[in-house]
Structures are given as C-alpha cells and as structure tokens.
Amino acid sequence: QAQLVESGGGLVQAGGSLKLSCVASGHFTSTYAMAWFRQAPGKEREFLATIIWADGGTYLADSVKGRFTISRDNAKNTVYLQMNSLKHEDTAVYYCAIKRSRTHIGVNYYVYDYEYDNWGQGTRVTVSS
C-alpha cells in the first residue's frame, strides 16, 4: 500500500532549525510534485512549499520564503523541508502530500490542499518562545 510517512518533528526553541523528511513508500503510479502543508490549532491547513519531482523546481509561500527550503532525493523517494529561524507561530502539525499528475495546462505549482492526492499522517513541530 502506497503511503507517505513524515518524520523529524519535535520541540525546538525559537530561532532554531529542524529538518523534516517525508518518505513515499509502496507503489505510487506516478509523481508530479510533492508539497508540505501545516495546520496550527484552530486554523486551516496552510500551504508551505512544493517541488516538481522531475526537475526540482520549487515554489514557497511568502510566509516561509527565506526561512524554509524544500528539496528532494529521487533515489530515496524522499522530500525534505529545512526550517530555519523558527518562530513560535510555526508551531503546527506538518504534512507532506503528493500530486500524481499535472492537471492544469500552464500551471506548474499547486498550492491548494484539494489538488493533492495522498497525504501523510503528519509530524508535530512545537517552537517554544
């Protein structure tokens, strides 16, 4: 059974760094892109970053640009989220997601959660102030 498994969350002090990993295991028929979202208590799920699997092109939300970096290792079927200069407001559950195919001509990057096909179970990040 194909699944996504996130890891790397935890407790960190404000100003610190964490690197999240998401491994795609099992058989995914295809991969167009993978992405990271987060959901803080009482808030809607928020797009953070996405990466195109074939060429590594990336797009990040303005809220994390300059602090977060998304990358992937095709051989390991793994996507990463490097998070630096963490703030208390970064506290959330972080999810990775996979989009199996490109669905809109002229659109490279997808930022809405409903556009993604499969999700991991999430990993919790807590940033102490």
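Predicted model: local features only at pLDDT ≥ 70, side-chain atom pairs only at ≥ 80, totals over all residues.
Let us begin with an open sheet of four strands, whose order is E1-E3-E8-E7 and whose pairing is antiparallel. Its edges are strand E1 (3-7) and E7, each of which pairs on one side only. From one strand to the next, the twist averages 15°.

E1 and strand E3 (residues 18-25) run antiparallel and share five bridges. If you look for Val5, you will find that its bridge partner in E3 is Val23. Ile70 stands opposite Leu81 in E8. The two strands E7 and E8 make a hairpin with four residues between them.

Next, turn to strand E11 (residues 123-128), which has partners of its own. Strand E2 (residues 10-13) pairs with E11 in the parallel sense over four bridges, and Leu11 stands opposite Thr126 in E11. Strand E9 (residues 92-99) also pairs with E11, but in the antiparallel sense and over three bridges. There, Ala92 has Val125 of E11 as its bridge partner. In a regular strand the side chains alternate between the two faces of the sheet. You can follow this along E11: Thr123, Val125 and Val127 make up a covered face, while Arg124, Thr126 and Ser128 make up an uncovered one.

What links strand E3 and strand E9? A search of the whole structure finds one disulfide, and it joins Cys22 and Cys96, with their sulfur atoms 1.8 Å apart. Cys22 lies in strand E3 and Cys96 in strand E9, so this pair ties together parts that are 74 residues apart in sequence. The angle about the S-S bond is 40°, and the link of Cys22 and Cys96 is right-handed. Are these two cysteines buried or exposed? Cys22 has a relative accessible area of 0% and is buried; Cys96 is buried too, also at 0%.

Finally, let us look at charged side chains. Side chains of opposite charge can pair when their charged atoms come close. The structure holds four salt bridges. In one of them, Arg38 meets Asp90 at 2.8 Å, N to O. This pair links distant parts of the chain, with Arg38 in strand E4 (residues 33-39) and Asp90 in the loop between E8 and E9, 52 residues apart.

Asp90 also forms a salt bridge with Arg67, the closest N and O atoms being 2.8 Å apart. Arg67 lies in the loop between strand E6 (58-60) and E7, and Asp90 in the loop between E8 and E9, so the pair ties together parts that are 23 residues apart in sequence. Arg38 and Asp90 are both buried, and Arg67 counts as buried at 12% relative accessibility. A network of salt bridges links Arg38, Glu46, Arg67 and Asp90.

Another salt bridge joins the side chains of Lys65 and Asp62 at 3.1 Å, N to O. Here Lys65 counts as partly exposed, at 49% relative accessibility, and Asp62 is exposed, with a relative accessible area of 62%.

Methods: Residues numbered from 1 in each chain as written. Heavy atoms only, no water. Pairing = 2+ DSSP bridges. Axes fitted to C-alpha atoms, helices over the stretch in contact; angles between N-to-C directions. Buried < 20%, exposed > 50% of the residue type's maximum accessible area, 1.4 Å probe, protein only. Disulfide = S-S within 2.5 Å.
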